[in-house]
Amino acid sequence: MGFNYQLACGAEVNTKEAQVVWTDDQLRKVFRSYDSNNDGQLSWDELRAAFKYLGSHCSYFRTGRALNYADENKDGLINLSNVELSDLVNYAHSCGYKVF
């Protein structure tokens with residue numbers, strides 16, 4: 001969605017919304033906020049909800065790929081206090097999520 005501005009000279013300017021890449025800290029906060037049971041880990045459902053929030057159109061696929069990429073010990077959970085969270089953030093960056 002853009003905005004139209006009328007300049008003093010009568011010309012109309014149409015701007016576009018800015019699209020900014022999420023920072024590492026912002027992504028960490030998003031993922032941590034979806035730990036609904038506060039166990040320090042993201043389950044499949046919690047991770048899928050986080051990807052939906054980030055704007056994923058295919059959150060089921062994205063969740064599977066993220067677990068495959070970031071779940072180091074293959075327990076089906078993303079540990080939010082170790083390298084798995086960093087790997088998850090790196091994966092989200094590789095997907096190109098942006099703040100609108």
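In the predicted model, Tyr91 has a relative accessible area of 5% and is therefore buried. This residue takes part in aromatic pairing, of which the structure holds seven instances. The rings of Phe51 and Tyr91 are separated by 6.2 Å between centres, and because their planes meet at 85 degrees the pair is edge-to-face. Phe51 belongs to helix H2 (residues 44-54), whereas Tyr91 belongs to helix H4 (residues 83-95); the pair therefore ties together parts that are 40 residues apart in sequence. Phe51, like Tyr91, is buried.

Tyr91 also pairs with Tyr69, in a tilted arrangement with 5.5 Å from centre to centre and 40 degrees between the planes. Tyr69 is located in helix H3 (residues 59-70) and Tyr91 in helix H4, so this pair ties together parts that are 22 residues apart in sequence. The two partners stand on opposite sides of the 20% limit that defines burial: Tyr91 is buried at 5%, while Tyr69, with a relative accessibility of 48%, counts as partly exposed. Through ring pairs, Tyr69, Phe51 and Tyr91 are joined with Phe31 and Tyr97 in a cluster.

In soluble globular proteins, nonpolar side chains tend to be buried together. The largest nonpolar core of the model comprises 20 residues, and the members that touch the most others are Phe31, Leu47, Phe51, Leu54 and Leu88. Each of helices H1 (24-33), H2, H3 and H4 supplies at least two residues of this core. The greatest contribution comes from H4, which gives five residues.

When neighbours within four places in sequence are left aside, Leu47 is in contact with Phe31, Leu42, Thr63, Ala66, Leu67, Ile78 and Leu88.

The cysteines were considered next. A disulfide is a covalent bond between the sulfur atoms of two cysteines. The structure holds zero disulfides. Cys58 has a relative accessibility of 44% and counts as partly exposed. Cys95 is likewise partly exposed, with a relative accessible area of 26%.

Key: Residues numbered from 1 in each chain as written. Predicted model: local features only at pLDDT ≥ 70, side-chain atom pairs only at ≥ 80, totals over all residues. Heavy atoms only, no water. Phe/Tyr/Trp six-rings, centres within 6.5 Å; stacked < 30°, edge-to-face > 60°. Helix = DSSP H or I, 4+ residues; strand = E, 2+ residues; numbered from the N terminus. Buried < 20%, exposed > 50% of the residue type's maximum accessible area, 1.4 Å probe, protein only. Core = buried A, V, L, I, M, F, W, Y, C linked by side-chain atoms within 4.5 Å. Contact = heavy atoms within 4.5 Å. Disulfide = S-S within 2.5 Å.
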